[in-house]
Amino acid sequence: MGRVEDGTLKNMGPLSQKCLEPEPDAPSQPGPALWSRGLAHTQALVGGSSLQQLDPENTGFIGADSFAGLVHSHELPLDPAKLDMLVALAQSNEQGQVCYQELVDLISSKRSSSFKRAIANGQRALPRDGPLDEPGLGVYKRFVRYVAYEILPCEVDRRWYFYRHRSCPPPVFMASVTLAQIIVFLCYGARLNKWVLQTYHPEYMKSPLVYHPGHRARAWRFLTYMFMHVGLEQLGFNALLQLMIGVPLEMVHGLLRISLLYLAGVLAGSLTVSITDMRAPVVGGSGGVYALCSAHLANVVMNWAGMRCPYKLLRMVLALVCMSSEVGRAVWLRFSPPLPASGPQPSFMAHLAGAVVGVSMGLTILRSYEERLQDQCGWWVVLLAYGTFLLFAVFWNVFAYDLLGAHIPPPP
């Protein structure tokens, strides 16, 4: 029988050159410890010589009936529920076979219960060819294929998403938020007759949507500031990123997860400003935008080898340059306003707070495709940290301003 070493199976013949080895997108596969446990468990079940009997032609696929017969004849310790799911998975394949990698994933319990239910319901029907090999696709299906290769680092997940995706429900959250921001901007632009640097207009800060430290008792402002923008340049930057990154993320990970991440970044942005830049107002959806972007970029970096998006290094550099330039512009407007202003200009700390939320909470969400967040210890750690921050921020806003004697500009 072979030996497990550094996450690969040694001395097991030609089969180990196909499904036994991780694909090029190995970083997105289970960690070395889990991979080794899965392979060791499978070895303990079938043995090295039995693998050659199950796959005599070295195709990399194992017949489920043959494997089930081996389990029953040798009285091997396999959970009956897993055996049923294995048979259901094989029945969804035209040849009634299972790739060895899927067998390892099943035995090692790599996936969550949602994945197992999908197998049991016969929904994980995966052709052997990847989505890029599909000829004659329509425009929308080509877009779905593009999204799969832009967002997901694992080929199995990409193929499953591609074949099971449905156009209903559409990604309405990011589109709705972007549309609302554009409508609000147009309304205020027409009312103030000003389209650039609107915050310098004396009537702008009177909006009930803007977060202002003098109105922090009006709790809705900690979220509604995301609909207001400094000018056309900030709105254009945020809307572009929301549509280019937010919509694909919502298509893959769903409305609930992406809306939670976006709103968490928005809320963290205004609360961080209330703690670190106590005299400054906040406008714009940059907290949520930077949460999405930083989470996606961090996910790409951590799964670099598995990502199949073209020109990923060039695009990564361009994204970082654009995001850094936007932060630099916000810092310049905060401390060196180009026009006379009646009070402090909006803070830039919301950008940084959103990035922190993206790297922590966002990365946990994006790395959990088709896995339940509540089953992961890391998710609860992130929630505890975020909840602690919220509690601290609430107490700070209630007591710290008076205790520190902070001089707050009078609200308009």
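Residues are numbered from 1 along each chain as its sequence is written, and side-chain values use heavy atoms, with hydrogens and water left out. Because the model is predicted, local features need pLDDT of at least 70 and side-chain atom pairs count only at pLDDT 80 or more, whereas totals for chains, interfaces and linings use all residues.

Helices are DSSP runs of H or I with at least four residues, numbered from the N terminus. Axes are lines fitted to C-alpha atoms over the stretch in contact, and angles run from 0 to 180 degrees between N-to-C directions. Helix H7 (residues 139-151) packs against helix H8 (residues 155-164) at an angle of about 155 degrees, with the two axes 9 Å apart. H7 and H8 are therefore roughly antiparallel to each other, a term applied to angles over 145 degrees. The crossing of H7 past H8 is right-handed, that is, the near helix is turned clockwise from the far one by less than a right angle. On the H7 side, Lys141, Val144, Arg145, Val147, Ala148 and Tyr149 meet Glu155, Arg158, Tyr161 and Phe162 of H8, contact being defined by heavy atoms within 4.5 Å. By class, this contact of H7 with H8 comprises 6 nonpolar and 4 charged residues, with no polar ones. In this classification, Ala, Val, Leu, Ile, Met, Phe, Trp, Tyr, Cys and Pro count as nonpolar, Asp, Glu, Lys and Arg as charged, and the others, Gly among them, as polar.

Most residues other than glycine have a negative phi, and most peptide bonds are trans.

H9 packs with helix H11 (residues 232-253) at an angle of about 170 degrees, the axes being 8 Å apart. That angle makes H9 roughly antiparallel to H11. H9 passes H11 in a left-handed crossing, in which the near helix is turned anticlockwise from the far one by less than a right angle. Residues of H9 in this contact include Val172, Phe173, Met174 and Phe185, and those of H11 include Leu232, Leu235, Ala239 and Glu250. The contact of H9 with H11 divides into 11 nonpolar, 4 polar and 1 charged residues.

The axes of helix H13 (residues 286-302) and helix H14 (residues 312-335) come within 12 Å and cross at roughly 155 degrees. Ser286, Tyr290, Cys293, Ser294, Leu297, Val300 and Val301 in H13 meet Met316, Ala319, Leu320, Met323, Glu326 and Val327 in H14. Of the residues in this contact, 10 are nonpolar, 2 polar and 1 charged.

The structure holds 3 cavities of 30 Å³ or more. A cavity is a set of points, on a 1 Å grid over the protein atoms alone, where a 1.4 Å probe fits but cannot get out; lining residues have an atom within 4 Å of a point. The largest cavity has a volume of about 110 Å³, volume being the space filled by probe spheres set on the points, which are joined across faces, edges and corners. Its lining includes Thr199, Val230, Gln234, Arg329, Arg334 and His351. H14 supplies the largest share of this lining, 4 residues. By class, the lining has 5 nonpolar, 5 polar and 2 charged residues.

Notes. Helix = DSSP H or I, 4+ residues; strand = E, 2+ residues; numbered from the N terminus. 1 Å grid on protein atoms, 1.4 Å probe; cavity = no way out; pocket = protein on both sides within 12 Å on 5 of 7 lines; lining within 4 Å. Parallel < 35°, antiparallel > 145°, perpendicular 65-115°, else oblique.
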